[in-house]
Amino acid sequence: MKSAVTTVISSADASARFPTLSDIESVKGSFDRAASRLEAAEKLAIHIDRFTSESLDYVYGSQSYDQANKDKCARDINHYLRLINYCLVTGGTGPLDEWGIAGMREVIRAHQLPTAAYIEALTYIRDKVNIPGDMNQQAAAEFKTLLDYLINALA
Amino acid sequence: MLDAFSRAVVTADSKGTPIGTTELASLRQYVADANKRIDATLAITQNVSCIAADAVSGMVCENTGLTQPGGHCYPTRRMAACLRDGEIILRYVSYALLAGDPSVLDDRCINGLKETYLALGVPLANAIRAIEIMKIATVAIMTETNTGRKMFEGINSGSGADCKDIASEAASYFDRVISALS
């Protein structure tokens with residue numbers, strides 16, 4: 001699993017050297033940013049169900065729809081948000097890349113899933129994050145960066 | 001390879017739940033202790049050859065037969081291999097300490113180590129003794145309880161006593177290697 005720390009260690013190990021001062025500086029840099037990441041992860045974990053249901057209500061609107069479809073879509077959005085929660089914790093895009101994005105195109109194509117609905121839901125969540133009601137400014141910035149990353153991967 | 005953060009992720013993913021306030025508490029502690037952890041890592045990296053060489057010398061002093069003809073550290077080529085291995089183990093301990101998780105040590109150092117040593121005819125009891133001495137020396141340098149001068153310059157000055165918890169974590173990584181060889 002890639003994170004700021006494991007990336008540094010992997011490259012140190014590849015050249016069989018002890019962590020140098022610059023390695024340690026780069027690890028320290030990731031720790032300095034960790035507070036807002038962890039804050040975002042915590043708030044996302046608290047609000048994950050509300051974010052999911054609100055965005056789904058928005059996407060499905062008042063038109064008639066198949067409840068089973070909506071439930072599956074909610075499950076997927078919840079899954080993506082959980083992976084974003086993990087990314088916020090690791091400080092890298094590893095969990096999204098490895099568990100969310102790898103193979104995603106193939107699955108979506110095979111099942112003919114409408115990615116537009118996912119994108120719409122995720123965009124809604126991104127635009128409706130309440131600052132500071134849901135999370136503070138820096139935390140929201142970290143959260144939105146990852147939402148954008150996922151939206152770009154889906155698009 | 002995992003660190004403290006990705007370890008939490010892998011654990012949470014197996015339950016399919018997001019990482020919440022409870023799990024985040026220990027990660028926040030890890031971040032809060034980051035400076036101590038960095039100093040403890042520096043305590044190793046600034047004294048690598050000293051720790052490894054002292055440990056191997058100590059091992060030989062306790063078993064002088066090792067450097068005699070027929071001993072396992074004779075000729076110098078084999079002694080050099082011994083010093084090299086000491087440094088390698090120390091390097092993986094420093095990685096694990098920085099990551100706050102033993103997976104890098106397990107995957108890249110411990111896995112297969114005992115089998116390799118058995119195949120090469122390395123006496124395990126002596127190897128374990130050298131690792132024990134490295135553990136004692138590392139903890140002493142980290143906590144500044146070594147005799148003589150202070151042996152490392154951390155980012156935070158005068159942090160020796162503060163490194164106590166991290167030093168016991170480092171000791172647990174050495175113990176991991178020892179129990180794998182036992």
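**Notes on the chain contact, fold and core**

1. The contact takes 31 residues from chain B and 29 residues from chain A. These values come from a predicted model. On the side of chain B that touches chain A, the elements giving two or more residues are α1 (4-15), α2 (21-32), α3 (34-45), α5 (76-99) and α6 (103-110) of chain B. The largest share of that side, seven residues, comes from α1(B).

2. As to composition, the residues on the side of chain B that touches chain A comprise 20 nonpolar, six polar and five charged.

3. Chain B has nine helices and zero strands, and along the sequence its pattern reads α-α-α-α-α-α-α-α-α. Taken along the principal axes, the box filled by the C-alpha atoms of chain B is roughly 60 × 40 × 20 Å.

4. Of the 182 residues in chain B, 40% are buried. When contacts in chain B between residues at least 6 apart in sequence are considered, 74% join residues at least 24 apart.

5. The largest nonpolar core has 88 residues. Those with the most contacts inside this core are Ile84(A), Val89(A), Val93(B), Met134(B) and Ala170(B). The core draws at least three residues from each of domain 1 (1-32) and domain 2 (35-154) of chain A.

6. Which residues does Ile84(A) touch, not counting residues up to four places away in sequence? They are Leu44(A), Leu96(A), Leu146(A), Leu147(A) and Leu150(A).

How values were computed
Residues are numbered from 1 along each chain as its sequence is written. Chains are lettered from A and ligands numbered from 1 in the order in which they are written. This is a predicted model: local features need pLDDT of at least 70, side-chain atom pairs count only at pLDDT 80 or more; totals for chains, interfaces and linings use all residues. A nonpolar core is a set of buried Ala, Val, Leu, Ile, Met, Phe, Trp, Tyr and Cys residues joined through C-beta atoms within 7 Å. A residue is buried if 20 or more other C-beta atoms lie within 10 Å of its own, exposed if 12 or fewer, and partly exposed in between; C-beta atoms are placed from the backbone. Domain bounds come from an automatic or database domain assignment. Two residues are in contact if their C-beta atoms, placed from the backbone, lie within 7 Å. Helices (H or I, at least four residues) and strands (E, at least two) are DSSP runs, numbered from the N terminus. Ala, Val, Leu, Ile, Met, Phe, Trp, Tyr, Cys and Pro count as nonpolar, Asp, Glu, Lys and Arg as charged, and the others, Gly among them, as polar.
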